[in-house]
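Me: I would like to learn how to read the features of a protein model from its coordinates. Please give the general idea each time, and then the case at hand.

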Amino acid sequence: MALTKIGTDSIKDDAVTGGKLSNNVDIPDNNRIRFGTSQDLQIWHDGSHSYLLENGTGDLKIETNGTAIQLGKSNGESSAKFIPDGAVELYHDNSKKVETTSTGATVTGSLGIGTTSPASILHTS
């Protein structure tokens, strides 16, 4: 889709301002959407993987006014939930395994301690 009907009064410093789109913007593989004067934030897909790159001097911040920030599969399965002023929950195959609490953390199942092959297992109830 080509962008059309953007007047020259909407272009300032080589940037489109105040423009509105009423359809999708399709970007071919390996082309990036770049934000910031120094292209500090970039989003792209290479045909196999998708990337979000914070390439500036600051942090990549993800914030919400909602109930949580959730990471997971497109089918609705959870991998992690970050609840403002509350718990962080980690999931394995959509089953909660670790949850932070106001007094520490709760682990569901076994917790292996060691390197590649745990030297010991802590069992929790």
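Reply: A patch is made of residues with over 30% relative accessible area and no salt bridge, and nonpolar side chains are joined within 5 Å. The model shown is predicted. In this model, L21, V25, I27, I33, F35, I43, L52, L60 and I62 make a nonpolar surface patch of about 810 Å².

Me: What does the secondary structure of the chain come to?

Reply: The chain has zero helices and twelve strands. Read from the N terminus, the order of elements is β-β-β-β-β-β-β-β-β-β-β-β. As for burial, 7% of the 125 residues of the chain count as buried.

Me: How many aromatic pairs does a search of the whole structure find?

Reply: The search of the whole structure finds one aromatic pair. The partners are W44 and Y51, whose ring centres are 4.9 Å apart.

Me: Why is the pair of W44 and Y51 described as stacked?

Reply: Planes under 30 degrees apart count as stacked. The ring planes of W44 and Y51 stand at 15°, so this pair is stacked. In accessibility, W44 is buried, with a relative accessible area of 14%, whereas Y51 is partly exposed, with 32%.

Me: Which residue lies over the face of W44?

Reply: R32 lies over that face, at 3.6 Å from the ring centre of W44. R32 is located in the loop between strand 2 (15–16) and strand 3 (33–35). With a relative accessible area of 40%, R32 is partly exposed. R32 and I43 are eleven residues apart along the chain, and their C-alpha atoms are separated by 5.5 Å.

Me: How many bridges join strand 7 and strand 8?

Reply: Strand 7 pairs with strand 8 (residues 88–92) over three bridges, in the antiparallel sense. K81 has E89 in strand 8 as its bridge partner. Strand 7 and strand 8 also form a hairpin with five residues between them, where D85 in the turn has a positive phi of about 55°.

Me: Where do N30 and D93 lie, and what is phi in N30 and in D93?

Reply: N30 is found in the loop between strand 2 and strand 3. Its phi is near 70°, a positive value in a residue other than glycine. D93 lies in the loop between strand 8 and strand 9 (95–101). For D93, phi is near 50°, again a positive value in a residue other than glycine.

Me: Are N30 and D93 buried or exposed?

Reply: The exposed class lies over 50% relative accessible area. N30 has 53% relative accessibility, so N30 counts as exposed. D93 has a relative accessible area of 61%, so D93 is exposed.

Me: How many salt bridges does a search of the whole structure find?

Reply: The search of the whole structure finds two salt bridges. In one of them, the side chains of E89 and K96 meet at 3.5 Å, N to O. In the other, the side chains of K96 and E99 meet at 3.2 Å, N to O. Through shared partners, these salt bridges join E89, K96 and E99 into one network.

Me: How accessible are E89, K96 and E99?

Reply: Buried means under 20% relative accessible area. E89 has 8% relative accessibility, so E89 counts as buried. K96 is partly exposed, with a relative accessible area of 31%, and E99 counts as partly exposed at 23%.

Definitions and conventions: Residues numbered from 1 in each chain as written. Predicted model: local features only at pLDDT ≥ 70, side-chain atom pairs only at ≥ 80, totals over all residues. Heavy atoms only, no water. Phe/Tyr/Trp six-rings, centres within 6.5 Å; stacked < 30°, edge-to-face > 60°. Buried < 20%, exposed > 50% of the residue type's maximum accessible area, 1.4 Å probe, protein only. Lys NZ or Arg CZ within 6 Å of the ring centre and 35° of its normal. Pairing = 2+ DSSP bridges. Helix = DSSP H or I, 4+ residues; strand = E, 2+ residues; numbered from the N terminus. Patch = residues over 30% accessible without salt bridge, like charges linked within 9 Å, V, L, I, M, F, W, Y side chains within 5 Å. Areas by Shrake-Rupley, 256 points an atom, 1.4 Å probe, with all protein chains shown as cover. Salt bridge = Lys/Arg side-chain N within 4 Å of Asp/Glu carboxyl O.
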